[in-house]
Amino acid sequence: MRIRSYEQADRELWDDFVRKAKNRHFFFLRDYMEYHKERFEEASVLVFDEKERLLAILPLTKHAETAVSHGGLTFGGFLVGERMSVEAMVDLFGEVCSFLGAHGMTTLLYKCMPWIYHRYPAEEDMSALFVHGARLGRRDGSSTVLLSERYGYRKGRACEVKKGYRSGITLQESHDYAVFIDLLREVLRERHDAVPVHTAKELNLLSGRFPDNIKLYAAQKDGAMLAGTVIFDNGATVHTQYLMNTARGRTTGALDALIDHLLTEVYGDRRYFDFGISNEDGGRYLNRGLAAQKEGFGARAVVHDFYEVDCH
């Protein structure tokens, strides 16, 4: 087994491996990972087997003496192919930790990929984390709908969906990221004292690079955007990267109707619809209202785990 750091010459090799991995996600492709590369110090590694075949890759960024998988992404962890076994993962996990330790990093912050993003079972890393004494440092709960067997809407949500359809709004794909981000920024500031992770410029860039994976859907009336969501489409699993509802949208059921449209019409043939987390303060505080809103559409919990492992 041989481990080495990622180099720009590996770009094609890396992307080809991502596309074939059994736990692939489009945001591990280099065109996504590097859109904000000036903010992070690259520390990704590649692992080769005894026949010099690429066995696994680990997207990483370096933060002082800590390696994070990945600092610019929601989650990370090893991407692996069909040849990966539990035995091999246990061995390579230890080797990678030793490699990182030899390069000045004392801790690996490992952000596990939730299983709903696996196209084939791929939790070999969970066994390796336990064997190597990893410490659970954070756990977020993401609200997810199993689309083939959706639970019914709770009464309040069902009423809002009907109100939205009756209000005469138009539900359609949009490309107006500038308007969406302006409205989202205003809502987040007023209701959560927060700001969007992405700018309109970044979303335009990324949706241009990944037109089949990143889309904006909006509820509009009289030429105004009342509600909207940015969708990250990873094939079997669809994720709402952002949800935005204006004051007018909240009185007309705009976002509720839009979500119903996506669940039933646009993405009804997929496997999972993931609304994302409702946790704050490093996972310790649950935004109960936000979680209840998502669960009102039939979503239930899938955890995002964060582990710390010593590197030496």
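## Ground rules

Residues are numbered from 1 along each chain as its sequence is written. Since the model is predicted, local features need pLDDT of at least 70 and side-chain atom pairs count only at pLDDT 80 or more, while totals for chains, interfaces and linings use all residues, and side-chain values use heavy atoms, with hydrogens and water left out.

## The sheet

Let's start with the strands (DSSP E runs of at least two residues; helices are H or I runs of at least four, and both are numbered from the N terminus).

S3 (residues 45-48) and S4 run antiparallel and are joined by four bridges. Leu 46, for instance, has Ile 57 in S4 as its bridge partner.

## The helix across it

A pocket is an open set of points on a 1 Å grid over the protein atoms alone where a 1.4 Å probe fits, with protein on both sides within 12 Å along at least five of seven lines; lining residues have an atom within 4 Å of a point. The second largest pocket holds about 260 Å³ of space, a volume being the space filled by probe spheres set on the points, which are joined across faces, edges and corners. Among its 14 lining residues, Phe 17, Lys 20, Ala 21, Gly 81 and Glu 82 are the closest to its centre.

H1 (11-20) and S4 (54-58) are the elements that give two or more residues to this lining, and H1 supplies the largest share, four residues.

Definitions and conventions:
Two strands pair if DSSP finds at least two bridges between them.
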